[in-house]
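Subject: Structure for you to look at

Hello,

Here is the structure I promised to hand over. Please open it alongside this note; my findings follow below.

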Amino acid sequence: MPQPSIMQGPARKNSKLKRWLKLLFRSKTGTVGLVIVISIVIIAIFAPWLAPHEPNVIDPVNTHKPPVWMEGGDRENLLGTDNLGRDILSRIIYGSQISLLVGISSVVLAGIIGILVGLFTGYFGGFLDTFFMRLADSFLAIPNILLALVMLGVFGPGLFTLILVLGVTNWVQYARIIRGEVLSIKERDFVRAAKSIGVKHRNIIFSHLYPNVISSFIVVATLSVASTIILESSLSFLGLGIQPPQVSWGTILSDGRDYLATSWWLATFPGLAITITVLGIIFLGDWLRDILDPRSVK
Amino acid sequence: MSEHPLLEVRGLQKSFDVTKGFFKKEKQYLRAVNDVSFTVQNGEVLGVVGESGCGKSTLGNLIVHLHEPTAGKIVFEGIDMSALSREQLRRQRADIQMIFQDPFSSLNPRKRVFDIIAEPLRTHRDLNKEELQQEVLDLMDLVGLNRSFLNRYPHEFSGGQRQRIGIARAIALRPKLIICDEPVSALDVSIQSQILNLLKKLQKDLQLTYIFIAHGLPAVKHVSDRIAVMYLGKIVEWTTKEELFTNPMHPYTEGLLSAIPIPDPTKRKEQRPLLEGDIPNPVNPPPGCKFHPRCPYKTEICMQVEPEFTDKRAGHFVACHHPLGAEKQAEKKL
């Protein structure tokens, strides 16, 4: 057979990886995003080795010490200390663990629920659709933070319940977006072609609809990783989120809020950490959306 | 050969609920396909012609079961399709395939050519990887696609090539019946004849049966053995191609025929009976013969009584009170 490896498995996989990398390095924002996200993940994993101090050790003598480049700062605490004398840099390094975990896994959880609900209600319509969309409406009618507060109050605070609660309260936006997309795509001829071939509903949903709706999900999801990190900080501030001695960027931020006028570094650096992370995730998401579209390869 | 016709459609109806407004008590229905009956024999090509909105695409969708019929029967190889269970119907679908009008929306933009053509094979047949690839490559040869296109995405192709991919997908399972829903009307004129020739060649080589839907007679003239003319959800004339072109009996068919442009200016007659007006609102069809508001030969009876669809002359079915050429026929007898 003069059929040179058009379809050989490993070769194809390899070229796919190459294609991704090629696209990654062609897009500058994608490269920046990937570098940021990978370095933050590394920081989170190796926090105990990277942090110069224990995050919760109180030093009553050295409270409100400014960062190293300001008058009164020293090399011992590069980003200064907070109102209890704890090292800000160490707290931010440790905080990245919880913040990333909560931010990403609750968005993933909300995304899984939202995508499934959106795909099935959009495709099948009927009673299922009416039921879930009215349910979504009632979720929208209650402010997210209030709903999360009630649920946390019932189930008790904690890391795992926090992720669960944030995931369960945020599925609505994804479900609505995905459903809207599905409603327009399911009328296209390629879906009707699949139906007339006799492809099972499950396969139509996951092999025809899903790849065509996933890019809009990625855009929204990367943006909402940011708002989830903030939401986590608000809940922690209200005492129902992360419990001390666990540290998250949100708790550091809300701790420092009271001293903004006198010691600005308390709230600024965790804020910066959130901003940079979010930016990195958004860049990465943008690039991911591009490579998932076959039209972007030339 | 079985004694059944391949496809028999009896009294087929499809209505869509178009009631507007929440408080309206009376429901309004659009009768897209209204009491249609015909048969298709194995190996023949039936052309279905009509203006847009006459229900010809709905008819195609009903036959491939993309819509549920409101009333009537579709009998395929002697088996009533409405009596089949869901799983039986799913298997049955392998025998009836469809080629779509718009080659840009009929192919999933996220799938490679290989996956698109392999989808029916994966759904209905159990092939291993090598067999599947061989089968897909054979299909690509059959429809005139270069084998090197296997791993490309649809957006890299022109309309004609995309339509070839759609055709390869439709013939992958060697179906007995293919519905061609205006397969060339979205293509450039220069490509149209290529695709028509391809369809014709495939029909001959694979002994396929087509129902070829089009909005004008020129497109179906090339491929059809028999032609059905539809107007407002009904078939108004059904006969062989030769008979239809030489002896049209329904005034609407005559109008369609005279709308075909004649390329040679010296052969153009001064006045041809062109159709005037538009197709009436199908939600509120006119009483009597549906065509009477536009018919040049209408009389009193046309406005009140709906004509029956009857065999006027050896397999030439017409629904008209005053079929054209009937007088001539009568004169001959005298």
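I start with chain A. The buried residues of its helix 7 pack against helix 4 (88-124), helix 5 (126-141), helix 6 (144-155), helix 8 (171-185) and helix 10 (201-237) of that chain. Helix 7 itself covers residues 159-169. Its buried residues are Thr161(A), Leu162(A), Ile163(A), Val165(A), Leu166(A), Gly167(A) and Thr169(A). Keep in mind that this is a predicted model.

Next, the contact between the chains. Chain B puts in 35 residues and chain A puts in 27 residues. The area buried between them is about 2,900 Å². Carbon and sulfur atoms give 53% of that area. Between chain B and chain A, 12 residue pairs are in polar contact, counting pairs with both residues at pLDDT 80 or more. The count of salt bridges between the two chains is zero.

Which elements of chain B give two or more residues to the side that touches chain A? They are helix 2 (86-92), strand 6 (96-99), helix 3 (113-124) and helix 4 (129-142). Helix 3 of chain B gives the most, with five residues. By class, this side of chain B has 13 nonpolar, 11 polar and 11 charged residues.

Now the cores. In soluble globular proteins, nonpolar side chains tend to be buried together. The largest nonpolar core here has 57 residues. Met140(B), Ile167(B) and Phe212(B) have the most contacts inside it. Helix 3 of chain B supplies the largest share of this core, six residues.

Leaving out residues up to four places away in sequence, Phe212(B) touches Val45(B), Leu46(B), Gly47(B), Val48(B), Cys180(B), Pro183(B), Leu196(B), Leu199(B), Ala219(B), Val220(B) and Val223(B). Another core, of 49 residues, lies apart from the largest one. Among its members are Ala194(A), Ile214(A), Leu266(A) and Trp287(A).

Last, one loop residue. Leu274(B) sits in the loop between helix 9 (251-258) and helix 10 (300-304) of chain B. Is Leu274(B) buried or exposed? Leu274(B) counts as exposed, because its relative accessibility is 54% and the cut-off is over 50%. Leu274(B) touches Ser258(B) and Ala259(B), again leaving out residues up to four places away in sequence. Its C-alpha atom is separated by 5.4 Å from that of Gly255(B), 19 residues apart along the chain.

Best wishes

Definitions and conventions. Residues are numbered from 1 along each chain as its sequence is written. Chains are lettered from A and ligands numbered from 1 in the order in which they are written. This is a predicted model: local features need pLDDT of at least 70, side-chain atom pairs count only at pLDDT 80 or more; totals for chains, interfaces and linings use all residues. Side-chain values use heavy atoms; hydrogens and water are left out. Contact means heavy atoms within 4.5 Å. Buried area is the accessible area (1.4 Å probe) that two parts lose on being put together, summed over both. A salt bridge is a side-chain nitrogen of Lys or Arg within 4 Å of a carboxyl oxygen of Asp or Glu. A polar contact is a pair of N or O atoms within 3.5 Å; within protein, one must be able to donate a hydrogen and the other to accept it, and residues adjacent in sequence count only if both atoms are side-chain atoms. Helices (H or I, at least four residues) and strands (E, at least two) are DSSP runs, numbered from the N terminus. Ala, Val, Leu, Ile, Met, Phe, Trp, Tyr, Cys and Pro count as nonpolar, Asp, Glu, Lys and Arg as charged, and the others, Gly among them, as polar. A nonpolar core is a set of buried Ala, Val, Leu, Ile, Met, Phe, Trp, Tyr and Cys residues joined through side-chain atoms within 4.5 Å. Buried means under 20% relative accessible area, exposed over 50%, partly exposed in between (1.4 Å probe, protein chains only).
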